[in-house]
Amino acid sequence: MEELNTETKKDEPDSASKIIGLTGGIGSGKTTVAKFIEDCGFPIYYSDVRAKTIVNDNADLKQRIKDLLGNDSYDENDLYNRKFVGEKVFNNDELLHQLNSIIHPAVRIDFEQWVAQQKKYLVFKETALLFELKLHLQCYKSLLVTAEDNIRIKRVMDRDGKTYREVESVMNNQMPEKDKIKMADFVIYNNTNLDDLREQTEKIIFEIE
């Protein structure tokens, strides 16, 4: 495939970068696609990674989370207790919504500051909840990475040592893939091998351009 040149359509200084939303459910291969995109020279904002930092560094955010979920939301070192929080909001949509309403605005501000520092004409925002939170409406285009359910389950079982039922339970709590596919501008089907996955990724980047 023709080598990607990330400079050929570089924006002028006053022009904003086009934001591409990148998403995919558990075991889809989204992280691998993100690596391929970075290999092509485009920056990626990892929403979940940044959120992990923000919930520990933002004192106001930290207090609001404690007020919502209790002091056990943070451990003895005053670090975000993901296991405790996950158990509190699992199957509790209202509590999850309240938690998201605290964290996501802070992540959005952090993302906007990040975008303002970028120079490429395309930047990617990686987030598991692109469609659930309607973040795709804030993007130029959306890119979904997906795969057959049984393939995704096996990947997570092999990677995390979870049982079939455990992975299936997580998947059942996510938006159905068929709904995401309908909403996405571009879809990568990760059912075969890494070479095919890379080829699909590069092809779509050319199509976005």
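Across which strands does helix 1 lie, and at about what angle to strand 1 does helix 1 run? Helix 1 (residues 30–39) lies across strand 1, strand 2, strand 3, strand 4 (141–146) and strand 5, and its direction is at about 150 degrees to that of strand 1.

This is a predicted model, in which local features need pLDDT of at least 70 and side-chain atom pairs count only at pLDDT 80 or more, while totals for chains, interfaces and linings use all residues. Residues are numbered from 1 along each chain as its sequence is written, and side-chain values use heavy atoms, with hydrogens and water left out.

Figure 1. Five strands make up an open, parallel sheet in the order 2-3-1-4-5. Helices (H or I, at least four residues) and strands (E, at least two) are DSSP runs, numbered from the N terminus; two strands pair if DSSP finds at least two bridges between them. Strand 2 (44–46) and strand 5 (186–189) each have a single partner strand, so one side of each has no neighbour in the sheet. From one strand to the next, the twist averages 20 degrees. Strands of a sheet pair through backbone hydrogen bonds, either parallel or antiparallel.

**Figure 2. Strand 1 between its two partners.** Strand 1 (residues 18–24) runs parallel to strand 3 (residues 122–126), and five bridges join them. Within this pairing, I20 has F124 as its bridge partner, and L22 has E126. Five bridges also join strand 1 to strand 4, again in parallel; here the bridge partner of L22 is L143. Six of the seven residues of strand 1 are buried, where buried means under 20% relative accessible area, exposed over 50%, and partly exposed in between (1.4 Å probe, protein chains only).

**Figure 3. Helix 9 on the sheet.** Helix 9 (residues 194–208) packs on the sheet and touches strand 1, strand 3, strand 4 and strand 5. Its direction makes about 170 degrees with that of strand 5. Axes are lines fitted to C-alpha atoms, for helices over the stretch in contact, and angles run from 0 to 180 degrees between N-to-C directions. Contact means heavy atoms within 4.5 Å. In helix 9, E207 and K203 lie four residues apart, about one turn of the helix, and their side chains meet in a salt bridge (2.5 Å, N to O). A salt bridge is a side-chain nitrogen of Lys or Arg within 4 Å of a carboxyl oxygen of Asp or Glu. E207 is partly exposed at 42% relative accessible area, and K203 is partly exposed at 47%.

**Figure 4. Surroundings of Y46.** Y46 lies in strand 2 and is partly exposed, with a relative accessible area of 24%. Leaving aside neighbours within four places in sequence, Y46 is in contact with A34, E38 and E126. The side chains of Y46 and E38 make a polar contact (3.2 Å). A polar contact is a pair of N or O atoms within 3.5 Å; within protein, one must be able to donate a hydrogen and the other to accept it, and residues adjacent in sequence count only if both atoms are side-chain atoms. F90 is 44 residues from Y46 along the chain, and their C-alpha atoms are separated by 23 Å.

**Figure 5. The largest nonpolar core.** This core has 29 residues, of which V55, L61, I65, Y80, L99 and I103 touch the most other members. A nonpolar core is a set of buried Ala, Val, Leu, Ile, Met, Phe, Trp, Tyr and Cys residues joined through side-chain atoms within 4.5 Å. Helix 2 (47–57), helix 3 (59–69), helix 4 (82–89) and helix 5 (93–116) each give two or more residues to the core, and helix 5 gives the largest share, nine residues. Beyond its neighbours within four places in sequence, I103 is in contact with A51, V55, L61, I65 and Y80. Another core, of 20 residues, lies apart from this one and includes C40, L122, F124 and I204.

**Figure 6. Salt bridges elsewhere in the structure.** The structure holds 18 salt bridges. K66 and D78 meet through their side chains at 2.9 Å, N to O. K66 lies in helix 3 and D78 in the loop between helix 3 and helix 4, so the pair ties together parts that are 12 residues apart in sequence. K66 is buried at 18% relative accessible area, whereas D78 is partly exposed at 31%. E168 forms a salt bridge with R165, with the closest N and O atoms 2.7 Å apart. These two residues are three apart in helix 7 (residues 164–172), about one helical turn. E168 is partly exposed at 24%, and R165 is exposed at 60%.
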